[in-house]
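Subject: Structure for your review

Hello,

Please find the structure below. My notes on it follow.

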Amino acid sequence: MGPLTFNDIISTEWNYVIALIIGMAFGYILEASGFSSSRKLIGVFYGYDFVVLRVFFTAVSVAMIGLLYLDYFGFLNFSQLYVLPTYLNAQILGAIIMGFGFLLGGFCPGTSLTALAIGKIDGWVFTAGIWLGIFIFSEAFPLIEDFYNSGYLGYVTLMDQFGVSPYVVAFVFALVAVSAFTVASIVRRRVKDVQY
Amino acid sequence: MEYVNQDFKKVYWNPYFGGLMLGLLIIATFYITGRGVGATGGTKSTVVATVNAVAPEYAEESDFYSKYLDEDQNPMKNWLVFETLGIIIGAFISGSIKGRVSFKTEHSPKITANKRLVFALLGGLLFGIGSQFARGCTSGAALSGSAVLSLGGFITMLGIFGTAYLFAYFFRKLWI
Amino acid sequence: MKKRYIILAIVFLGIAAGLLTLPATVEKTPVTPTELLMDIHSNNRFINSDQLAKRIIDGDPVLFLVDVRDKAEYDKYTLPGAINIPFDQLLNDDWRGYLNQNVNDIVFFSNDDVLAEQAWVLCKQLGFKHLYVLDGGLNYWFETIMQPKMPKATEPTEAFDLYTFREGASIYFGAGSVAVPVPAEPKPKPQVKKTIPVQKKVKASAEGGC
């Protein structure tokens with residue numbers, strides 16, 4: 001019954017080994033899908049390469065559906081999974097900042113690591129930037145601590161907040177994903193090719 | 001269909017296949033460990049460890065660092081650090097197989113390499129700051145968070161992509 | 001639009017739609033009268049005082065005692081670690097988190113077992129799981145654990161072993177080896193010791209983050 005380490009089916013000494021293996025699979029998949037190229041990534045915002053959209057939405061949708069089915073058939077206890085806490089103000093600000101970061105840097109932290117791994121200098125610099133950014137944040141922490149903790153709603157899920165059934169959310173999300181892919185293909189055909 | 005040129009190096013997986021694999025990986029991660037993946041946590045541990053090594057008393061005092069410093073445990077001994085290491089290794093393996101490993105700065109022909117690096121640094125800076133506020137980045141919050149239908153995950157995902165779409169026009173000179 | 005993508009999309013949406021056909025939550029299926037009668041008939045719900053004493057002494061982490069008598073009686077004497085949910089408040093929302101869960105074994109008890117049994121039936125009907133009743137209630141508890149009777153010489157060894165166990169238990173639970181267990185002053189109210197995983201996500205979930 002999952003999650004396995006939480007329910008002591010796998011002992012916690014394996015945790016780090018598992019982390020390494022999962023990370024390796026993650027890095028492999030990202031790189032093999034082309035996420036180590038910043039110009040490929042940024043294509044989603046300019047219409048010449050929608051790989052980010054396709055991979056991302058497919059992944060989230062598959063994961064959602066898979067987890068819900070596993071939970072329904074008793075292989076997994078959904079309520080024991082880690083849910084991200086909601087800090088309304090802080091997260092909205094953080095997301096906006098990250099949006100700009102994406103446009104300027106052309107990477108997100110995960111993909112910058114894959115770029116770093118294959119020797120891309122801009123990946124190295126981006127990762128160094130993340131390090132600096134975290135450092136700056138932590139130094140400035142006393143000033144922003146209140147805002148950092150503002151808007152706390154708890155470890156809420158969509159089901160808790162809006163009272164919708166998770167199955168409906170998953171289905172609607174799948175629908176949205178497929179529609180997005182269709183629109184993306186249409187847009188892709190009309191946009192000028194970019195060589196990268 | 002997706003390949004702009006037929007150079008073997010640029011042959012990537014079909015994105016839906018990649019998405020499927022990633023989705024399955026997320027399911028497996030949650031099933032085994034009960035948590036999702038993350039990309040900034042490893043870097044954050046590095047920051048904490050560095051500050052702790054350079055100025056341990058300062059780190060103890062600070063509200064931020066002290067949370068991550070345990071008496072006898074190295075702050076680098078952390079699930080995310082190992083996972084981050086794994087990402088680098090896995091990506092390297094994938095890149096080597098396809099012959100994509102090489103030192104270069106990828107940039108649009110419209111700007112210089114140095115300009116690209118400057119913006120990469122800026123972008124990283126913003127991501128570092130933003131990911132702390134949002135308690136996650138695209139991998140941790142948007143990807144793993146949304147997979148378990150957490151409100152924070154969706155907010156972060158919509159925020160990042162929404163903002164980027166809204167302001168992409170103003171940065172187009174960097175890319176196309 | 002390539003045909004295979006259309007097929008893939010349809011398959012994908014089909015699987016997603018399959019989720020909609022699932023009943024809302026498995027727990028919400030109401031307990032049918034037949035099931036309830038069978039459960040009542042089976043007597044699986046009973047835990048006798050020896051078993052309970054052993055579990056308390058062993059410090060069983062999933063044991064969760066619920067005293068369904070009213071507060072006055074609870075304050076006078078109760079089993080260690082028990083919380084008080086008076087029978088008429090059983091269905092209050094405050095207690096719902098304690099009663100409707102999948103982690104602990106809930107043992108209802110009262111003076112005899114009539115009230116505890118009623119509590120059991122009530123909760124069982126709502127579909128709660130892991131519910132038990134202390135057989136014979138506190139009355140029988142006193143007779144067996146707190147004031148165990150020395151078996152006659154003709155009885156088998158097991159009876160003597162049981163007696164020894166009960167003697168030890170009675171000392172553990174604070175009875176004098178010769179005495180009426182009801183103390184003059186009320187027993188110190190036992191604290192609810194465990195962290196009860198309430199249905200909300202605030203606890204009992206894996207650690208994580210980015």
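**Contacts and makeup of chain C**

In chain C, 66% of the contacts between residues at least 6 apart in sequence join residues at least 24 apart; two residues are in contact if their C-beta atoms, placed from the backbone, lie within 7 Å. This is a predicted model, in which local features need pLDDT of at least 70, side-chain atom pairs count only at pLDDT 80 or more, and totals for chains, interfaces and linings use all residues. Residues are numbered from 1 along each chain as its sequence is written, while chains are lettered from A and ligands numbered from 1 in the order in which they are written.

Chain C has 8 helices and 5 strands, in the order α-α-β-α-β-α-β-α-β-α-β-α-α from the N terminus. Helices (H or I, at least four residues) and strands (E, at least two) are DSSP runs, numbered from the N terminus. Of the 210 residues in chain C, 25% are buried, that is, they have 20 or more other C-beta atoms within 10 Å of their own, with C-beta atoms placed from the backbone.

**Chain B against chain A**

On the chain B side, 108 residues are in contact with 116 residues of chain A. Elements giving two or more residues to that side of chain B include helix H1 (15-33), helix H5 (79-98) and helix H8 (151-167). H6(B) gives the most, with 18 residues. By type, this side of chain B has 59 nonpolar, 38 polar and 11 charged residues. Here Ala, Val, Leu, Ile, Met, Phe, Trp, Tyr, Cys and Pro count as nonpolar, Asp, Glu, Lys and Arg as charged, and the others, Gly among them, as polar.

**Nonpolar cores**

A nonpolar core is a set of buried Ala, Val, Leu, Ile, Met, Phe, Trp, Tyr and Cys residues joined through C-beta atoms within 7 Å. The largest has 128 residues, and those touching the most other members include A:Ala63, A:Leu67 and B:Ile26. Helix H3 (residues 51-72) of chain A gives the most to this core, with 14 residues. The core lies between domain 1 (1-82 + 162-196) and domain 2 (84-156) of chain A, because both give residues to it; the domain bounds come from an automatic or database domain assignment.

A second, separate core of 30 residues includes C:Val66, C:Val68, C:Ala116 and C:Met146.

**Two backbone angles to look at**

Most residues other than glycine have a negative phi. B:Arg135, in the loop between H6 and H7 of chain B, has a positive phi of about 60°. B:Leu149, in the loop between H7 and H8 of chain B, also has a positive phi of about 60°.

Regards

How values were computed. Buried ≥ 20, exposed ≤ 12 C-beta atoms within 10 Å, placed from the backbone.
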